[in-house]
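Please read the points below alongside the sequence and the model, taking each residue in turn.

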Amino acid sequence: MDIDVLVVATIARALAFATPLLWAALGEVIAERSGVVNLGVEGMMALGAVTGFAVAFTTGDVWWGLAAAGLAGMLGSLLHAFVAITLRADAYVSGLSLTMLGLGLSALIGRAWVGRPLPDPMRTIDVPWLRELPLLGPMLFQGQYVLTYAALLAAVVAWAMLFHTRGGLVLRSVGENPTAVDAAGLHVRPVRYAAVLIGGLLAGIGGGYLSLAYRPSWGEGMVNGLGWIALALAIFAMWHPLRVIVAGLLFGACFTLAFRLQTVFPPELLTMLPYVFTVLALVFTAWRRGRLAFGAPEALGRAYLRGER
Amino acid sequence: MIGALRRRRAARRWEPRADAPAWRVMLVTIAAVAVAALVVTWVFVAYGVAPGEAWATIVRRTLLEPRGLSETVRKAIPLLLAGIGLLLAFRARFWNIGAEGQILAGAIGATAVALFTELPGPLVVPAMFLAGMLAGAAWGAVPALLKARMGVNEIITTLMFNYIALYLVRWLINGPWKARSATGFSYSERFPAEAVLPTLGATRLHWPTLAIALVLVAVVALLLARSRFGFEVEVLGRSPEAARYAGIDAGRVTLLLAALAAGAAGLAGVGEVAGIHRRLVEPTQLSLGYGYAAILVALLARGKALAVVPAALFLGFVFAAGDVMRVSLRLPSQLPDVVTGLVLLLVVASEPLTRGRWVRRDPAEAATAPAAEAPVAPPAAATAGAPAGGAAHASPDGEG
């Protein structure tokens, strides 16, 4: 295979592979920026995937399925928000239980649909005009899903909202110093609720992409750690929406390249690579963070109780 | 809705308690489990199974019949081992959720000894336990080292190591260690007789592993209560700041704890391959999610080593009940996972109830609300050794 063909195909596949990670990682960035860590991403993605598939299968319309997927992720995150924000229980364990519950529930709900292909899955699109471009056309603008472009757009919107609107400022402040926000007369908890729910919505959409577009089917191991990789991605991107794009594409490219080694390695070892790569990415982030002054949101993982320091 | 909550709160005040009384913790835990049982009852109804009869069948087949009881206990063995390890790790706020991978690593270690060494008969089983423990400990030590030296988030690394271990086992049984007779399903060669653990009568209760687990629980209980190491763990868990002032090397303690915890999970893996399967099998059959359920065991025990025994037995019951539901009641096999997740959620959600209580404000005090709302000490200090509570106020440091 020619080297340029290889590069083009790798980048095109990387985009498709990175899409669910982008959605979920973006959601987690928003939630964590408000100070609420949500380890339930894996569970919310599974819930989104199974609900989206079930609804698309019954109604015959993938877009209803996608809406249902987002809603399912949101409902999952509502559970987490209630336990972690209102009840002020441990956010880490609450998210973990959401993952366990989400994986169990989705497997239970999805029993009827295992092994059935979606009759009318999401179609890929070619972007008019841009598809004609040499090299860039086949790389970025042919045979991709709308959801891929939507994820990129969502990242830009999230960046604009977080860093260039008043609402975004409040959200970030709630994550850094909730006491100050409270003292300024603004409410901490509604902001956190909103951030967590948006996070759930995006994770659900990421799950929906898997079952409606990427695979068009449902199986128990569908999410298979992607939610956890998305969590790592949020850290790797240092909680910045635009860096999520870069990081996501880097992840996607590495995985796709790895899968091209299929002739050399046994498949089980190749499947292992995304997880190994995730660990390496976290190590790299930690090493780099030692040199730069980036950090997690100051109040990450801490429930807010007025009057408490 | 949130506004309404706020208004109601103005009349009451949250009063954290220095030490939650044991009866209160117990009551809250029992209530959480009871709510889960109610949900299960509702599931029975939803699936058209008579709930009374269903519960009777479950209790009979998991607790009353000797064979059923042996299944409950043997499923509690890996939960005991992994659970006591996690309890240790969680007390020092090392959020190891990699017990599943450490169980698999232990199984790999034991299989290597069973199939590829030429030891004299009586030495084989001890060597397998040793190898499994070391393999598990090594598997857990890598994330611990990364956390202690570089501040890499251990939640994600330990979880990634679960997947890595899973695919490693799959590679071994499909590649280098694949049995010659294996067609369709993949597995390793059968262990020789001297590498198989004895079981109690005709049951699958591999009692040597159970004995090791119980001894380990007792040792950990003693260690935590009576030793300098236990004191260091205690201080580190309550306040990393205080630990630093006290001259405790947090990195060393974390590493030691994480290795101990992972070693215990490794032992659980040895028990599963040597006691039940007698060969290395597909990873999802080898450990039925024991590593994840062990998290719940450790949290249910709320920092008390001896409480791991009833907690593990309870989850052993959940797993065994899952089998009964599937086989006798024809209910979906995914139910136990849902129940485990639900109990975990309820236990977490109810945890704040053990940390304090709502008290009615004096009318005079209420008049000055909400500015005077709860000028209180951080409940972090109020949680006696309960990892879930304390950690709400101190995130696992070094997010990444």
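1. Leu313(B) counts as partly exposed, at 37% relative accessibility, where partly exposed lies between buried (under 20% relative accessible area) and exposed (over 50%), computed with a 1.4 Å probe on protein chains only. The model is predicted, so that local features need pLDDT of at least 70 and side-chain atom pairs count only at pLDDT 80 or more, while totals for chains, interfaces and linings use all residues. Residues are numbered from 1 along each chain as its sequence is written, chains are lettered from A and ligands numbered from 1 in the order in which they are written, and side-chain values use heavy atoms, with hydrogens and water left out.

2. Leu313(B) sits in helix H14 of chain B, residues 308-327; helices are DSSP runs of H or I with at least four residues, numbered from the N terminus. Neighbours within four places in sequence aside, Leu313(B) is in contact with Thr72(B), Val73(B) and Ala76(B), contact meaning heavy atoms within 4.5 Å. Val73(B) is 240 residues away from Leu313(B) in sequence, yet their C-alpha atoms are 6.5 Å apart in space.

3. Arg88(A) belongs to the loop between helix H3 (62-86) and helix H4 (91-109) of chain A, and is buried, with a relative accessible area of 9%. Its phi is positive, near 55 degrees, in a residue other than glycine. Most residues other than glycine have a negative phi.

4. Trp129(A), which is not a glycine, also has a positive phi, about 65 degrees. Trp129(A) lies in the loop between H4 and helix H5 (136-141) of chain A, and at 77% relative accessibility Trp129(A) counts as exposed.

Methods. Helix = DSSP H or I, 4+ residues; strand = E, 2+ residues; numbered from the N terminus.
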